[in-house]
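Subject: Structure handover

Hello,

Here is the structure for you to look at. Please open it alongside this note, and then read on for what turned up.

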Amino acid sequence: MEISFQADVSVRSVISDIDGAGLQVGEPERAKSSSVGTLTDLGGGVYRITYTESTEGGEVNTTLEIEGEGLTLKREGALSSQMRFREGEEYKTLYSVPPYSFDMVILPRRVDISASRARIDIRLVYDMTVGGVARRVNMRASAVSRGLN
């Protein structure tokens with residue numbers, strides 16, 4: 001049985017360009033966002049977080065679906081991408097910022113997920129290559145249910 005709650009969603013990330021040896025090059029980009037979204041318990045240990053962010057290019061609708069030790073992130077709107085995170089599993093996809101699309105490869109190095117109806121905490125460390133540029137991403141996200149605190 002599907003049960004949904006309004007939730008406070010926060011996402012923080014640090015993105016660094018990396019060289020061929022995996023070492024940081026230059027200064028990292030830091031981003032932080034907060035929004036109100038929905039946390040849904042789909043049953044069987046599967047959860048979904050949905051929220052909308054306003055970016056310079058327009059609105060982006062984001063869906064995070066958590067199942068076991070992995071998750072899928074889907075973004076639609078001013079940009080679009082679908083990424084799957086399972087520790088050690090490479091994932092190939094496209095990253096689109098209309099009218100452009102770029103090949104993207106993701107290699108998750110660390111995927112930590114703590115999930116319940118009341119709160120979901122996610123920590124991701126992954127390497128991604130977008131359009132031939134290698135980057136390392138450290139991301140933390142949380143969704144705290146307003147209905148079960």
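Start at Ser80. Leaving out residues up to four places away in sequence, Ser80 touches Arg75, Leu94, Tyr95 and Ser96; contact means heavy atoms within 4.5 Å.

Before going further, some ground rules. This is a predicted model, with residues numbered from 1 along each chain as its sequence is written. Local features need pLDDT of at least 70, side-chain atom pairs count only at pLDDT 80 or more, totals for chains, interfaces and linings use all residues, and side-chain values use heavy atoms, without hydrogens and water.

Back to Ser80. Ser80 sits in strand E6, residues 80-85 (helices, H or I, of at least four residues and strands, E, of at least two are DSSP runs, numbered from the N terminus).

Now the strand pairing (at least two DSSP bridges between two strands). E2 (residues 24-43) and E3 (residues 46-55) run antiparallel, joined by five bridges. Asp41 has Tyr47 in E3 as its bridge partner. Two residues lie between the strands of this hairpin, and Gly44 takes a positive phi near 65° there. E3 also runs antiparallel to E4 (residues 58-67), with 10 bridges. Ile49 stands opposite Leu64 in E4. A hairpin through two residues joins E3 to E4.

Next, the pockets. A pocket is an open set of points on a 1 Å grid over the protein atoms alone, where a 1.4 Å probe fits, with protein on both sides within 12 Å along at least five of seven lines; lining residues have an atom within 4 Å of a point.

The largest pocket holds about 950 Å³ of space. It has 31 lining residues, and Ile15, Ala31, Arg75, Leu79 and Tyr95 lie nearest its centre. E2 gives the most to this lining, with five residues.

The second largest pocket has a volume of about 180 Å³. Its lining includes Ser10, Lys32, Ser34, Asp112 and Arg140. E1 (3-18), E2, E9 (119-130) and E10 (133-145) each supply at least two residues of that lining.

Best wishes

How values were computed
Grid points are joined across faces, edges and corners, and a volume is the space filled by probe spheres set on the points.
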